[in-house]
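Please read this report alongside the sequence and the coordinates. It moves from the overall fold to a helix pair, and then to the aromatic rings.

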Amino acid sequence: MDRCLVAVTVLVMYDVVRDQRRAKLAAYLQQWGDRLQYSVFLCRLPEAGIDEFVADASRILDKDEDSLLLVRMCKLCYEGVMPVGQGEIEEPPLYKAVF
């Protein structure tokens with residue numbers, strides 16, 4: 001293996017005007033993470049693949065009508081999440097690699 005793969009936890013929020021684009025974007029995001037609310041996902045992305053993730057998601061959007069916001073979550077930020085009501089945040093999985 002030439003490089004170390006590191007996963008990054010990213011909070012992804014969107015506002016998409018048209019139903020078809022919204023459904024397509026939601027399906028794309030579900031491949032990468034868990035839906036927390038209607039338009040909010042918690043995704044785990046390979047650090048080296050974040051630009052590709054954004055490019056793929058951008059192709060779904062109409063940049064004149066829609067918006068997408070990504071927030072990288074550091075360990076301290078993630079530990080500070082306080083869900084109220086029915087929202088639950090799962091602990092991120094711990095991956096170990098043997099080289």
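A contact here means heavy atoms within 4.5 Å. Among contacts in the protein between residues at least 6 apart in sequence, 69% join residues at least 24 apart. The model is predicted, so that local features need pLDDT of at least 70 and side-chain atom pairs count only at pLDDT 80 or more, whereas totals for chains, interfaces and linings use all residues. Residues are numbered from 1 along each chain as its sequence is written, and side-chain values use heavy atoms, with hydrogens and water left out.

The protein has three helices and four strands, which are DSSP runs numbered from the N terminus (helices H or I, at least four residues; strands E, at least two). From the N terminus on, these elements follow the order β-α-β-β-α-β-α.

Helix α1 (residues 19–30) packs against helix α2 (residues 50–60) at an angle of about 160°, with the axes 9 Å apart; axes are lines fitted to C-alpha atoms over the stretch in contact, and angles run from 0 to 180 degrees between N-to-C directions. On the α1 side the contact is made by Arg21, Lys24, Leu25, Tyr28 and Leu29, which meet Glu52, Phe53, Asp56, Ala57 and Ile60 of α2.

Helix α1 also holds Ala26, which touches Tyr14, Arg35 and Phe41 when residues up to four places away in sequence are not counted. The C-alpha atoms of Ala26 and Tyr38, twelve residues apart along the chain, are separated by 8.9 Å.

**Aromatic rings**

Rings of Phe, Tyr and Trp (its six-membered ring) pair if their centres lie within 6.5 Å, with planes under 30 degrees apart counted as stacked, over 60 as edge-to-face and the rest as tilted. By this rule there are three aromatic pairs. Trp32 and Phe53 form an edge-to-face pair, 6.1 Å centre to centre with 85° between the planes. This pair links Trp32, in the loop between α1 and β2 (33–37), with Phe53 in helix α2, 21 residues apart. Tyr28, Trp32 and Phe53 form one aromatic cluster.

The table lists relative accessible areas for residues discussed above.

| Residue | Relative accessible area | Class |
|---|---|---|
| Ala26 | 7% | buried |
| Trp32 | 32% | partly exposed |
| Phe53 | 2% | buried |

Methods: Buried means under 20% relative accessible area, exposed over 50%, partly exposed in between (1.4 Å probe, protein chains only).
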